[in-house]
Every structure is written in structure tokens, then in C-alpha cells.
Amino acid sequence: MAFAPPSEEKIRKAFPMIADLTEFAKGGFKVVYTATVGKNCEMFKLVCLPQAGKSDEEKATYRKESLGRIRREVDLLGKCRRPELVKLGRIAPALVQIDGEEYVGYSEEFLEGSNLWNLLRARGVKPDEAEARRLLLALLKAVDELWNKHRTIHRDIKPENVIKLANSRRPFVLLDLGIAYGLLETGLTHDGGTPCTPRYLAPEMAKPDFRHNLDFRSDLYTAALTVFEYSAQIHPLAKTKDDLIQTISRALHQPPRHLKNERPDFSQEFCDLIDQMLKKKPQLRPSNLQALMAEMEVKS
Amino acid sequence: MKLYAQHGHGDGKKTAEGLAKKYIDGVILSPKDIPESKLKSTIKQFRTDSRKAEILFDPQFYACLAAVDPASNLGNLGEEDAYAYFQPRRRSQLLSERQLCQDLDATLQFQSELAVSALIAPNILIPRSFDSAEAAISMDFIRNARKRYTKLGDARPMFATLAIARETLLDKEELLRFLNDLTILEDRPDGFYVLVGVNSTEARSEIYHADVIAGWMFINHVLKLNGYRIINGYSDILTPFLGSAGAEAGATGWWSNLRAFSMDRFAPPAGGGRLPIERYLSCGLMNRITFDELGRLRDEVPAILNGLGTDKLYPEESSQPQRNQEVLQSWDAIRQLNTQLVQGGMDSALRKCLGALDKAQKIYGDAEASLPRPFDPKSNDQHVEALQEGLRLFSGLAELDLG
């Protein structure tokens, strides 16, 4: 069922603190707007509580799951301090009814830049190694905060969720903790599936018992995937025409490309690190975050 | 890569000479074999023999479960009023975190008063499976080691003991699960002192088994990738293979029970037995052969000779060395193998190891054609195939492409 968002006028009526609204992106049951809140520009997110499912019981389950995810995302963002993670805006989550449908709206800071997916699609100049290192460092810092402070795994690190800013002190920011997984929290996915973007799936996430062994090394894998793809303008594993099964099968079984082959101008040391972070077994990915960050700090 | 003497009964001047001649970089002391009253003076003497010697003390805490048997052979560990950190323990006692932390405190405190280069935290042996109460206890020792050590305020590195039976390495899924937990410790030791136990130190096939070799190398590799330093006890000829996988050091000694780790060392003495035949460690064969075999082959197949200074300890006329000098030749040969094979990054080192094994196979072929009868069972080429297969298995586990 296609999702048709309500008119901007009706949204402004439901959220009167918004002065101005422009659609920025749309996907699934969520629309993101740039919005003027007070004197500031913010990103306003409007989530339609999913109507999918055939029975009332299923609808209630989906509603509970969606509300739970939004609450967790907002709670988590409210606690995060690192500039490498997006900050909350002024509009706290509010449940509203518009034309008989339930919506949750809330805002995040406005980040003036482009996401890496758009930059990749534009096929511009490839980043140099220093920039690739800065990207990896930013993602490592975000993963460090999520894991070491909040025992949470992002689970959706991908070029689309990373914004490149024109700010040397804050070059990259990681967005969208919508499917972040807290080790200390109860699972929210009631159908037993794994919420993920298959193209950016850590191999262990495709295993039935993944919840028992999941840790931040899944985020290290997707961080390395993102750095690889941004640097080489090619995904280390996936192919555009692959179907879901082929994509997951490649994640599980196919050795990834070597970064050095795609970017011979990069240092062997950096390429080896990215290759190592892309190993199928989490145990083979370097897990000492402090050491990794220190290494990137020195040469970024 | 470094090589240490695995210390034990009957040292005499072996370690001192090994240190003085720089065949070894240090020594791992065995309290079972040194009276506590002589421990400090022994360390002092080693420091005098070699100012740069790295001295470690294996607390041998893993013998505590065997110590409940009054017939156990604990040597000086069992002496009253000696090595007070060491007490007989039942498994149920160690399920208590309080007891476990007290044992950690006592063992680390004891070592902090010694002039050792680094401290080794205590642990028990995981005897059969990583899915066991012993594995849970072992993980608790490792998990708590850093916290307890920090309280001592000692600046020296601290290594956690990881002692496992070879059987634990046969189930790769369990090994992966154990390593999964081991590599995300919050309170990290500086490194690990890794021991792989066999049932009988005389059975070559227990160590020279592809799964055991691959698993032991994989542990070294994973720990190294995760930023740890690794010292392997009782690693003997496997030392360069473990080095190629990431180890910092290995160790070996003069008796067979110092070349392979076994809890047999603490079992009631069986009595009797003959002194073993003196052997020569051939780098080319990657194995020890009897002095008699050396004598028969040295002219026909010179590739079995190492061309090192210690070859002179095996005189051309009889090839029989003085017994107390046999270990010097072993250390010198393993040091040579380390130098030749552990260099230039892991892929390169592993390829060198594979190349050395191919060469060993060829030398064995030449040697067998020259000998009037088959090699002695411990001298034959049984280890070569196991090592080759072990390296291939390891490459698969480590997701390496060696071509």
C-alpha cells in the first residue's frame, strides 16, 4: 500500500511550532521534511503508524513495534553526546491523528550536507585516503559511543545514513537509529525477522541465533562496507541486479573485493584494516575500538 | 619472534647457558620444580646471566583441581608453607566469584613481589569442551584478571592464562563461540599465556593433528587481531607456526613434559622408565631424529643439518651429544626456524611455513632412501602432513587466501 502523507497545512496544524515545511525524503511509512522550528531549521520526521497486517491484532502489534522503535531511537539520541551522531531537535515525539490516521512526529537537528549515497550516485571525485580515514574515524566514534555507553548496536550503518558536512571538526555524522538494537532491551520485532538493509547486512545477522552473539562488531563490518563503497565507488560484494537471496548469499559466503585493488593509491595498511573489518567471522574483525580510533586519529 | 625456556626439573646450567648464548630470550619458571626459598635467588641468577632476560612465572594454578588428590605430584607447589597462593580447589569452590577473585589476588600479589618481566594470572584447564562449567570458570578468571590486577598498582604487563585441552579445539563452532566472548572483554589483560594440553606428552599424534594445529594457530591469530600479546607455553617446534599466526613468543624445555603441556605432570608418579635417546632437531625435517639416525644421515643427506654452531655438540664420530646439551641445540634450531619463517607479514610467513614443509617432505624422501631401516616412530614424517593440513584448515578459518 502506497503511503500518501497528509498535506503540509494539516501537519503544521498538528504541530503548531513548525513555521515552514518542505519535503526532503520519503520512504516506507516515514517522510522527512526540512522545517523551520522557532528560528532554526530542523529535520522533521513524520511516521505513519503502519496499517499493514490483516487483523486488528496484527495492526496492534505493528503499532506497538513502531511506537517502541521511535521511543527507543529518541531516548537513545537524547543520551548520545558524540558529535558524530545526529542530535535531537526541539520537537519531542508526539502522537497525533490526521485524517483518521495515527502519526508520530519529532525533529532532529538539520545537517547541511549530502548523504554519502547521493555523493556516490553523483560519481564525483573519489575521496583521498585522509578523507576515508576521517569517515572511518567518525563511524568508529559513533560505534564506540553506542556500544560502550549504551550497549547498543546501530545495525543500519550505510552510505545513506551518513551525512558529509563542510565542517572540518565534524566531517561526518551518522543518522537513523531507527533499528538500533539494545542488548539490554527486549526485542521489538514480533515476526522474528531481522530489520536491516540487505545490501549492508553483517553476515552474522543472517544467522538464526544472531541475537545471542550480536555485538558492535556487526557495526564495524557495516562501517567498513560504507568506507569501502565511498572510497571505491563500488560495493565490495553486492551487485545492483542481485535479488535478496543473492545479496545475502554474497554476504555470507563470497570473499569481498580487496580495497587495495580498487584504490591502489591508498596505503596497504589502511586497505588491510578495511579488509580485516570485512571478515565474515566477527572474531576476525579487530575489536579494540580505542586502538583503532587512536590509529585513525594519528593519520586522519 | 621470541623463544623462552620452559623451566622444569633438572635445569642445571641449561637455562643459564641458553640465555648467555642468546639461544633463548627468557624463561618461564615452574614453581613445581623450584623450592619457594630458592625462587628469588634463581631469578636473580638468571638476571645476572643475562641482563635482558625476560623472566616469567607460570603460577601453575591449573593444578589446583588435581591437588585434591592426595597422591598428586605437586612437587614444591604442595609443600607446606610454600607458594601460599596455591591451594587445592574443587570445581564447586571456583564457581564462587569471591573465591575466584581471592585466588586471583593471592596469585598476582605473590608475583608482584618477584623481579619478573610480566605477571601471569591464574586459571584452570578447560578439559574437554568450551561448553562446560570449566570453560565458564576459565572465562571468569580471565574477565576478572584485569580488575584485580589494577588494584595492585603494578605497571608491568599482565597475561591471562588460557589453558585448554586439545579436545576443545576439535569443535570449531564451540571454539568460535568461546573466542567471540573472549575478544570483547571489557577489562582487557595485556595478553594471553596460551597452553594446549595433551593426554600424553609422548603421543605425537595428539599435537600433530590438523584440527589441533589449526585451532591453536587460530587462537593466536584472533587474539593478535584483537590487540593482545600472546605467549605460548610448551609450543616447541610449533613455535614458528604460531608465530606466523601472530604469537609474540613460544617456549620449550629439555624433557618431553616441557615440550608438550599435560596435566600428567601433576599425576601420581608412575615410576621407572628409561632416559630418552638423545635427539637432534633438524630444521630441514622440522622434527627431532635420534643421534644414531643423525650419524647415519649426516654425510648422505646433508640437508638434515642446520649449519648452526650447536651442530658441533653432536660430534661427527658418534653424533651423540652430552645429554645436558641437547636442549641447547633444540633452542638454537627453533630460534633459527623462527628467524627464517616468521617474517614479512602473516601471508608471507604462512607461505614460508608451507614452503618449509614441502622441503621437509623432500628431505624425508631422500633420507628414507639412505637409511637401512625406517625412521624411529618419533622421527618419521607423520607431522608434515598434519602441519600442511593444519595450515590449510587455519587459512580457511582465518578467511585467508594463500593461493
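**Close-up views of a predicted two-chain model**

View 1. The model is predicted: local features need pLDDT of at least 70, side-chain atom pairs need 80 or more, and totals for chains, interfaces and linings use all residues. Residues count from 1 along each chain as its sequence is written, chains are lettered from A and ligands numbered from 1 in the order written, and side-chain values use heavy atoms, without hydrogens or water.

Domain 1 of chain B spans 2-266, and domain 2 spans 279-397 (bounds from an automatic or database assignment). Their centres, taken over C-alpha atoms, are 27 Å apart. At the boundary, 37 residues of domain 1 of chain B are in contact with 37 residues of domain 2 (contact: heavy atoms within 4.5 Å).

**View 2. Chain A meets chain B.** Here 17 residues of chain A are in contact with 18 residues of chain B. The two chains bury about 1400 Å² between them. Carbon and sulfur atoms carry 45% of that area. Look for Lys281(A), Gln283(A) and Leu284(A): this trio supplies 40% of the area that chain A buries against chain B, more than any other three residues.

**View 3. Five strands of chain A form an open sheet.** The order is S1-S2-S3-S5-S4, with antiparallel pairing. Helices (H or I, at least four residues) and strands (E, at least two) are DSSP runs, numbered from the N terminus. Strands pair if DSSP finds at least two bridges between them. Strands S1 (18-27) and S4 (94-98) of chain A stand at the edges with a single partner strand each, so one side of each has no neighbour in the sheet. Neighbouring strands of this sheet are turned by 30 degrees against each other on average, direction ignored.

Zoom in on S2 (residues 30-37) and S3 (residues 40-48) of chain A. Eight bridges hold this antiparallel pair. Val32(A) has Lys45(A) of S3(A) as its bridge partner.

**View 4. S4(A) and S5(A) make a hairpin, and helix H2 of chain A lies across the sheet****.** S4(A) and S5(A) run antiparallel and are joined by five bridges. Gln97(A) stands opposite Glu102(A) of S5(A). Two residues lie between the strands of this hairpin. Asp99(A) takes a positive phi near 50 degrees there.

Helix H2 (residues 56-79) of chain A lies across S3, S4 and S5 (101-109) of that chain. H2(A) runs at about 15 degrees to S5(A). Axes are lines fitted to C-alpha atoms, for helices over the stretch in contact; angles run from 0 to 180 degrees between N-to-C directions.

**View 5. Three strands of chain A form another open sheet****.** The order is S6-S8-S9, again with antiparallel pairing. Strands S6 (113-115) and S9 (172-174) of chain A are at the edges, each with a single partner strand, so one side of each is left without a neighbour in the sheet. The twist averages 25 degrees from one strand to the next.

S6(A) and S8 (residues 162-165) of chain A pair over three bridges. Gly113(A) has Leu165(A) of S8(A) as its bridge partner. Helix H4(A) packs on this sheet and touches S8 and S9 of chain A. The direction of H4(A) makes about 35 degrees with that of S9(A).

**View 6. Helix H4 packs against helix H9 in chain A****.** H4 (residues 129-150) and H9 (residues 268-277) of chain A pack at an angle of about 35 degrees. Their axes are 11 Å apart. From H4(A), the contact is made by Glu129(A), Ala132(A), Arg133(A), Leu136(A) and Leu140(A). H9(A) contributes Glu269(A), Phe270(A), Leu273(A), Ile274(A) and Met277(A).

Notes: Buried area = accessible area lost by both parts, 1.4 Å probe.
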